[in-house]
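Visitor: I would like to learn how to read a structure like this one. Please take me through it feature by feature.

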Amino acid sequence: MRDVRIVTQPFVPGALTDEFAKAHPGLGGVCTFVGEVRGEDGVEALELIQYPAMTRKGMEELADTALERFALMGLLIVHRVGVMGPGEPIVCVSAAAHHRRAAIDAVDFTMDYLKSASWLWKREKRSDGWHWIEPRAQDHSDLARWATKKL
Amino acid sequence: MAVKLVFLGKLADLAGSDDRAIAAPLDWAGLLSALEPALAQAAQDDTTKIALNGALLTDKAALEAHDGDEIALLPPVSGG
């Protein structure tokens, strides 16, 4: 099952991953990653901007690629957009599979692509105002580990 | 008869708004001449991608937009 959601309000990852796991009876393992807004460097708020014509479609294509590449029963991607504060969940990826390796690798793969190749633009609010965030070199080297076509 | 231009990320700051309407039809030269110099320069930058109705253009110069089309100027993504 492919479940891709872009949400504009705070979400509770545990509620979504419980529901996702229950939707896959007979699974051997579930791997979940939850990313939250870091409360460091004086960051007061973070804003993620999507482009509705492309962002969701890109994430659905990414989910399809992960489902093809790994032996999964299902993949859940939940991504928050809009303005959020430190400690709030931004992203939740959960993979269900018969065997653990597929679930763990699929989450790692999906997160690397979400972090570096999804159609999202980010800015941070610090005491002196809003600042756009440029791509990090680390994100691109993380992506290179998978040595696959760019989505 | 208009084309909708959408500015993402820092290009929205540069444009002073998230979107605007400009006269259709519109090709690449027409787009560049309709934009302020700083935006036109950003649009030509290799790191700026152009999408027509949600599909990336592999060749920006081949842009052909008609009434009702949506052109997006996409600066480098910063990731989720």
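Visitor: Where in chain B is P25(B) found?

Guide: This is a predicted model. P25(B) sits in the loop between β2 (19-23) and β3 (26-27) of chain B.

Visitor: Which residue other than glycine has a positive phi?

Guide: Look at N53(B), where phi is near 50°. N53(B) belongs to the loop between β4 (49-52) and β5 (55-56) of chain B. Its relative accessible area is 46%, so N53(B) is partly exposed.

Visitor: Let us go on to the interface. How many residues of chain A are in contact with chain B?

Guide: On the chain A side there are 21, and they meet 18 residues of chain B. The two chains bury about 1,700 Å² between them, with 61% of that on carbon and sulfur atoms. Within chain A, the residues that lose the most area to chain B are Y51(A), W121(A) and W132(A), which together make up 37% of what that side buries.

Visitor: What polar and charged pairs cross the interface of chain A and chain B?

Guide: Eight residue pairs are in polar contact across the interface, and the rule finds one salt bridge there. The salt bridge joins the side chains of K10(B) and E134(A), at 3.1 Å from N to O. On the side of chain A that touches chain B, the elements giving two or more residues are β3 (45-50), α3 (100-117) and β7 (120-126). That side divides into 13 nonpolar, four polar and four charged residues.

Visitor: How should I read salt bridges within a chain?

Guide: Side chains of opposite charge can pair when their charged atoms come close. Over all chains the count comes to 14 salt bridges. One of the pairs is R5(A) with E19(A), whose closest N and O atoms are 3.3 Å apart. R5(A) lies in strand β1 and E19(A) in helix α1 (residues 13-22) of chain A, so this pair ties together parts that are 14 residues apart in sequence. R5(A) is partly exposed at 25% relative accessible area, and E19(A) is partly exposed at 44%.

Visitor: Which residue forms a salt bridge with R145(A)?

Guide: The partner is D108(A), with the closest N and O atoms 3.2 Å apart. This pair links distant parts of the chain, with R145(A) in the segment after α4 and D108(A) in helix α3 of chain A, 37 residues apart. R145(A) counts as partly exposed at 49% relative accessibility, and D108(A) is partly exposed at 31%.

Visitor: What about chain B?

Guide: There the side chains of E70(B) and K4(B) meet in a salt bridge, at 3.8 Å from N to O. E70(B) is in strand β7 (residues 70-74) and K4(B) in strand β1 (residues 2-7) of chain B, 66 residues apart. Back in chain A, salt bridges that share partners join R2(A), R56(A), E60(A) and D64(A) into one network.

Visitor: Is D3(A) buried or exposed?

Guide: D3(A) is buried, with a relative accessible area of 16%. This residue is in strand β1 (residues 2-7) of chain A. The side chain of D3(A) makes a polar contact with that of R5(A), at 2.9 Å. Leaving out residues up to four places away in sequence, D3(A) touches L75(A), L76(A) and I77(A).

Visitor: How do I read aromatic pairs?

Guide: A pair of aromatic rings is described by the distance of the centres and the angle of the planes. The structure holds five such pairs over all chains. For F70(A) and F109(A) the centres are 5.4 Å apart and the planes are at 65°, so the pair is edge-to-face. F70(A) lies in the loop between α2 (55-69) and β4 (72-80) and F109(A) in helix α3 of chain A, so the pair ties together parts that are 39 residues apart in sequence.

Visitor: Why is the pair of F109(A) and W146(A) called edge-to-face?

Guide: The ring centres of F109(A) and W146(A) are 5.3 Å apart and the planes are at 90°, so the pair is edge-to-face. F109(A) is buried at 0% relative accessibility, and W146(A) is buried at 11%. Ring pairs link F70(A), F109(A), Y113(A) and W146(A) into a cluster.

How values were computed
Residues numbered from 1 in each chain as written. Chains lettered and ligands numbered in written order. Predicted model: local features only at pLDDT ≥ 70, side-chain atom pairs only at ≥ 80, totals over all residues. Heavy atoms only, no water. Contact = heavy atoms within 4.5 Å. Buried area = accessible area lost by both parts, 1.4 Å probe. Salt bridge = Lys/Arg side-chain N within 4 Å of Asp/Glu carboxyl O. Polar contact = N/O pair within 3.5 Å; in protein donor to acceptor, adjacent residues only side chain to side chain. Helix = DSSP H or I, 4+ residues; strand = E, 2+ residues; numbered from the N terminus. Nonpolar A, V, L, I, M, F, W, Y, C, P; charged D, E, K, R; others polar. Buried < 20%, exposed > 50% of the residue type's maximum accessible area, 1.4 Å probe, protein only. Phe/Tyr/Trp six-rings, centres within 6.5 Å; stacked < 30°, edge-to-face > 60°.
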